[in-house]
Amino acid sequence: MEHTFYRPIIAVLLLLGSYHSVDAQQTSLLEKRVTIEAQEEPLDGFLNRLSKEVGGVFSYSPSALDVNRNISGNFSDQSCREVLEEVFNGAVNYKQKGVYLILTPAPPAEKEITISGYVVDEQSGERIKNATVYNPITLQSSTTDEFGFFQFQVKNPAEENFQLIVNKKDYADTLLIESRNSRFRKIFLKAAGENASPIVRSLTEPMKNFWAWTSNSVGFTNLENIQDTLSRGFQASFVPFIGTNRKISGSVVNDFSLNILGGFSGGTNKAEIGGLFNINRRNVQYFQAAGLFNQVGGTVKGFQVAGLTNINLDAVTGFQGAGIGNFSSGPVSGVQTAGVLNIVTSDLRGVQLAGVTNYTHHDVEGGQISAVLNIAKNVKGFQLGLFNYSDSTSGTPIGLISFVRKGYHKVEIGADEMLPLNISLRTGARGFYNMIFAGMRPEKADSVTWTFGYGVGSSPKLGNKLFLNIELSSQQLLKGNLEALNLINRGYLGLDYQFANKVGIFAGPSINWRVYDSSYSDHPELFTYTSPKIISEQDSQDDIKSQLWWGFRAGIRFF
């Protein structure tokens, strides 16, 4: 009877345990999203923290991996798989077995490489499952899983002509990828009917009006009926469809084009000039100039200039110049220069120059220079502008305020010889960062002595946890309201020691040069709790005086 009583309970427990085991195996630890940061941390310690974040256990041989190698990086809302790829850079293979994540050294690159990554909807950012990724030469293929992930191995990659094509139902374009140079990457697909981003559609709205105007014309009918591309050495037109190519100009590719007001053609092989505008259905190369705008539906190679705008719906290689703006929905290799705005919705390899704003939706390899704002995703190079933004950078952003999402961010609390409490925000990259700060000196008076200022700095690495700080700053010292010039200009050289994760201490000497209006009698006292020696004091014209002294700074930094 006792055994009969316990049998149902044992059966239920076994069933629950079996369900839990299946559920655990179905949970992909590699796809767990984590936010984790490392600052010169040994690999084994970093993997230990990462395992706690994903709820699994890393299994590896310490002799096969360099566990003493130091890891640095900021990983924000990334899958465990993406973190491992960035840490090991393809040198380690990994797989999940239950709650274990097994790490093994990857085979030599000349014998085998693993091609993997995610397929992502470009508009929504959602990962696409059941997309087909295949090699059209070998017919090797893979299908993305529920997380949009694909993976397969390539044997003897040096001998194999390897390419990838990505296809998915209801997505308009397929993407050809030279995969040998990138073993892990995100592949973006555009949904059908969404080939152009909203900014593309808004910029090309005038062209839609042009098509509506021509939709009932003979020229437009010929364009639909004639699928072959015709060629001519030279054409001249007054306006679209009124010229030497008559009603079939949209199907003709010309070596040379002269458009008195404007022209419409299938493409240009050598040179095109338009009094007001040039419109090309396909590719343009070598030279194109227009008084108002150029629009090209294919690629541009060479020199393109317009009084107002250049609008290109594919790749650009060469030079673009416009009085107002340049726009490209494909990758740009070369130089974009505009009086107001440059926009690239893909990658830039070169330089953008703009009077107001540069915007690159994906990666920049080169530089962005503008008077006001530069925006990019990942920057390998530099940004120079009043304001700079990037997702990550391996170069230098220079400006009044530069924000790198995965860059250098510090909050500082410290003291100097003038004020016992200073708070500073640092943002940018270690190579060059901006500082915004304020300080105060509590005292028994009608008003508190306080300061505000701005500075720039650089923090090169000296050792495992030790950094050098080189900074220049300027701050206004005042009591109450701003009434007169009382500027403290400071050069600082100090050391920053990161003794714990996201926590460091700093200290160092400074040279200080005060410039102030001596005719104003209510300046606050420079020093009340320290007594630095003034080593130089000079009078200048118009009641402006200066003082020079040595000082110090010390405190603690977070993040």
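Predicted model: local features only at pLDDT ≥ 70, side-chain atom pairs only at ≥ 80, totals over all residues.
**Helix pair**

I started with α2 (residues 43–54) and α3 (residues 80–88), which pack at an angle of about 170° with their axes 12 Å apart. That makes α2 roughly antiparallel to α3, since anything over 145 degrees counts as such. From α2, I noted Leu43, Phe46, Leu47, Leu50 and Val54; they meet Cys80, Val83, Leu84, Val87 and Phe88 of α3. Sorted by class, this contact has ten nonpolar residues, no polar ones and no charged ones.

**Salt bridges**

Next I searched the whole structure and got 20 salt bridges. I looked up a few of them.

Arg405 pairs with Asp391, with the closest N and O atoms 2.5 Å apart. Arg405 sits in the loop between β35 and β36, Asp391 in the loop between β32 and β33, and the two are 14 residues apart.

Glu417 and Arg490 form another salt bridge, 3.4 Å from N to O. Glu417 is in the loop between β36 and β37 and Arg490 is in strand β41, so this pair ties together parts 73 residues apart in sequence. Glu417 and Arg490 are both buried.

Lys479 and Asp522 meet at 3.6 Å, N to O. I found Lys479 in strand β40 and Asp522 in the loop between β42 and β43, 43 residues apart. Lys479 is partly exposed at 26%, and Asp522 is partly exposed at 36%.

**Network**

Last, I noted a network of salt bridges linking Glu412, Arg426, Glu471, Asp496, Arg553 and Arg557.

Note on methods:
Residues numbered from 1 in each chain as written. Heavy atoms only, no water. Axes fitted to C-alpha atoms, helices over the stretch in contact; angles between N-to-C directions. Helix = DSSP H or I, 4+ residues; strand = E, 2+ residues; numbered from the N terminus. Parallel < 35°, antiparallel > 145°, perpendicular 65-115°, else oblique. Contact = heavy atoms within 4.5 Å. Nonpolar A, V, L, I, M, F, W, Y, C, P; charged D, E, K, R; others polar. Salt bridge = Lys/Arg side-chain N within 4 Å of Asp/Glu carboxyl O. Buried < 20%, exposed > 50% of the residue type's maximum accessible area, 1.4 Å probe, protein only.
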